[in-house]
Structures are given as C-alpha cells and as structure tokens.
Amino acid sequence: ASRIRLSQNQPNTLVGTTKFDYNILALQGQAQWEPDLWGQVRRTVEQARADAQASAADLANVALSLHAELATDYFQLRGLDTQKQLLETTLASDDDELQLTRKRFGGGVANAVDVAQAETQYRTVKAQAIDTGVARAQYEHAIATLIGVPASTFSLAPQPLVMASVLPPIPSGLPSALLERRPDVAAAERRVAAANAQIGIATAAYYPNITLSGTVGLESGVLGTLFEIPSLLWSLGASAFETLFDAGRRHALTDQARDAYEGQVATYRQSVLTAFQDAEDNLSALRILEEEAEAQAAAVDSARQSLALSDKRYKGGVATYLEVLTAQTFQLNNERAQADVATRRCTASVQLIKALGGGWTTDRK
C-alpha cells in the first residue's frame, strides 16, 4: 500500500511579545508490504486456480454428456428407421400373401380361416409400422432441442443404419491414461488440489503477519527548496501481528480443511473407479454384441429360408397358411432383433467414447 500527501502548515508562535508566522510544505509517500513468508497468498492463488480449472472441467463434462446424448438419440432414431423399413417390406409381402389367399379362397383352394389369418397378419404389421413413428418423433424432437432449434421446424429424412459406416474401429490395448481425458475425473483431481491448498491457508494462520512499511518525502518551509536534497526525509519500519488466543478457531479450521481434503480424495478415487467401470462395461458390451450380431444374422438367414420353404409348401397345397404365418412372424421378429442389436452396438460405441473422455488418443484438444 502507498500514500502520497501534500500539506501546508501555518502555525503561529509567540516568542516573548513577538509573533512569528511561517509555512511548512511537505510531500510524502508511504508504502506497505506484507511478505508471503508462510505461503498463505501463494496457496490462495493455487486454490483459486484449481477451483477455476475444476469449473472448466465441469463445463467440459456437460458438453461431453450433451454430445453423447445427441449421438445416442441420433442412432436410436436411425434404428427406428431400420425397423420401419423392415416393417414396410414385410407389409408389402403380407399384402401379396393376403391377395393370394383371397384368390385361393375364391377358387375354393383356401378356407376363410386362412383369409382371416392373412388379414390379421397384415393389420398387425401395419399397426407396428405406424407405432414406430411415435418414438421416432420423440427422438427427432430431442435432437432438435439438443442442437438448439424449435422441434416444429426440425426434421430428419429416414435413413436406415449401415453398420459398416457408423462403427469406428476400436484399437487394441487402450491405455488407462485415456481416462485422464474424462472431464469428471479431471474436475475431481483439481478439487483435491484446491482442498490441499486450503490446508496450507489454514496452517499459515498459526504464524504471525509481518508488515514492512516505509515513508519517503520532502519537507521545506520554502517552495523553492522543497525538491532539494536537504529537504529529503525517509523512514523504514516493520511490524508483526500474532493472534495468541482464538479459543481453538485456527485448530478447528485446520481440521476442517484436512477433513475436506480427505473427502475430495475419496471422491476422486470413486470417480476413477467409475471411469474404469464405464470403460469396461462398454468394451464388454461391444465385444458381446458383436458375437450376438453374428448369431442373429445366422438366425435371420435361417428364418428367411424357412419362410421361403413354407411359402412354397403353401402354394403347392401341402401346408396350411398357419405354417406360412408362423414363418413370417419368426422372420420379422429376427430381423427386428437384428436391427435392435445394430442400434445397441452404435449406442455402446458412443458410450465407450464418452467413457474414455471423447476419443481414442490422450491428446488434449
């Protein structure tokens, strides 16, 4: 701290019976400095910096979560587009089967039960195709909200999932250092640093505050000699302030700071463990879903062959329409299950990227 003062004094002094008038002109500056001997100021700066970095990491975590949610909603929507395409393809096939069954009934080859079953199958698939529009609209509206546009003005054209173009290849042996990119882990680590700095601040209160002060100035009775060397005056001094009794306040604050530090360490440890769990969960999910996708693809091929054989048997008059209906149901269910597995693989890939902090590399962008 510093202070500059310009003053003029005009006292009256009596010597015997004679009165003297004189002026004193003074120009002074004062400065005070409190050295950070015990690190209180340095620790306060460290704490503020760590808190600011933790807040920035919180912001990055929100941004990462929003991006992951956006990608998840997008793949869910595309999965529904795949479901809708399968249902519409099945609906066209069921319509052909219905027309064929009606002709066979008109020719006396089929009975009314076959026609009723064919109509039931057609109406059921049609209702399922319409029902996918409800969830698709909700995901479309969610995407619009996430990108900041009114839901009524946003739309996405239907486009089924193509697995080869959406799933990024996962490198083998992902390093655990990738988890350091996670914003929530970084925020927890910075809060540990801030709590550690608070211990230093609390500990510094046990030591005295030392202040160095100095005064320099000019003083003269004549303005013409105010800025000459003989008019120079200065002084230096030091003071110390120490609290001798505070009824245990400093001790309590230090204990509180240490307990807060232990709490932040526990939170940081839990954040790291959760990060490992998230990464392992989604790595396992991707590995298992890949195996499931292969098995489901084989099931779809078998269901298609079964439907083709049943359809030939029905047209040849060997089987009833119930056999065709059963084969159609199996095929549709297996194709929809295949589309569901594809959607789950996409969302698991998104969640793995989120669990690793946004990518496969340790570079901090």
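Tutor: Ala205 has a relative accessible area of 33% and is therefore classed as partly exposed, since that category covers the range between under 20% for buried and over 50% for exposed. The model is predicted, and the values below are computed from it. Ala205 belongs to the loop that runs between helix H4 (183-204) and strand E5 (209-220). Across space, the C-alpha atom of Ala205 is 8.7 Å from that of Thr243, although 38 residues separate the two along the chain.

Of the 365 residues in the chain, 31% are buried.

Arg43 is located in helix H1, and its relative accessible area of 23% makes Arg43 partly exposed. From Ala285 to Ala348 the C-alpha separation is 6.6 Å, while the distance along the chain is 63 residues.

Helix H1 also takes part in packing between helices. H1 (residues 40-106) packs with helix H2 (residues 112-147) at an angle of about 160°, and the axes of H1 and H2 are 8 Å apart. Because an angle over 145 degrees counts as roughly antiparallel, H1 and H2 are roughly antiparallel to each other. Their crossing is left-handed. In the contact of H1 with H2, 21 residues are nonpolar, 13 are charged and 7 are polar.

The relation of H1 to helix H5 can be set out in like manner. The axis of H1 comes within 12 Å of the axis of H5 (residues 249-315), and the angle between H1 and H5 is roughly 20°. Since angles under 35 degrees count as roughly parallel, H1 and H5 are roughly parallel to each other. The crossing of H1 and H5 is left-handed.

The aromatic rings complete the account. A pair of aromatic rings is described by the distance of the centres and the angle of the planes. When ring centres within 6.5 Å are taken as a pair, the count is 2 aromatic pairs. Tyr74 and Phe75 form an edge-to-face pair, because their planes stand at 70° with the ring centres 5.7 Å apart; the cut-off for this class is over 60 degrees. Tyr74 has a relative accessible area of 31% and is partly exposed, whereas Phe75, at 12% relative accessibility, is buried. For Tyr314 and Tyr321 the ring centres are 5.3 Å apart and the planes lie at 65°, so this pair is likewise edge-to-face. Tyr314 and Tyr321 are both buried. The ring of Tyr314 has a further neighbour in Arg104, which lies over the ring face at 4.4 Å from the centre.

Note on methods
Residues are numbered from 1 along each chain as its sequence is written. This is a predicted model: local features need pLDDT of at least 70, side-chain atom pairs count only at pLDDT 80 or more; totals for chains, interfaces and linings use all residues. Side-chain values use heavy atoms; hydrogens and water are left out. Axes are lines fitted to C-alpha atoms, for helices over the stretch in contact, and angles run from 0 to 180 degrees between N-to-C directions. Helices (H or I, at least four residues) and strands (E, at least two) are DSSP runs, numbered from the N terminus. Angles under 35 degrees count as roughly parallel, over 145 as roughly antiparallel, 65 to 115 as roughly perpendicular and the rest as oblique. A crossing is left-handed if the near helix is turned anticlockwise from the far one by less than a right angle, and right-handed if clockwise. Ala, Val, Leu, Ile, Met, Phe, Trp, Tyr, Cys and Pro count as nonpolar, Asp, Glu, Lys and Arg as charged, and the others, Gly among them, as polar. Rings of Phe, Tyr and Trp (its six-membered ring) pair if their centres lie within 6.5 Å; planes under 30 degrees apart count as stacked, over 60 as edge-to-face and the rest as tilted. Buried means under 20% relative accessible area, exposed over 50%, partly exposed in between (1.4 Å probe, protein chains only). A charge sits over a ring if NZ of Lys or CZ of Arg is within 6 Å of the ring centre and within 35 degrees of the ring normal.
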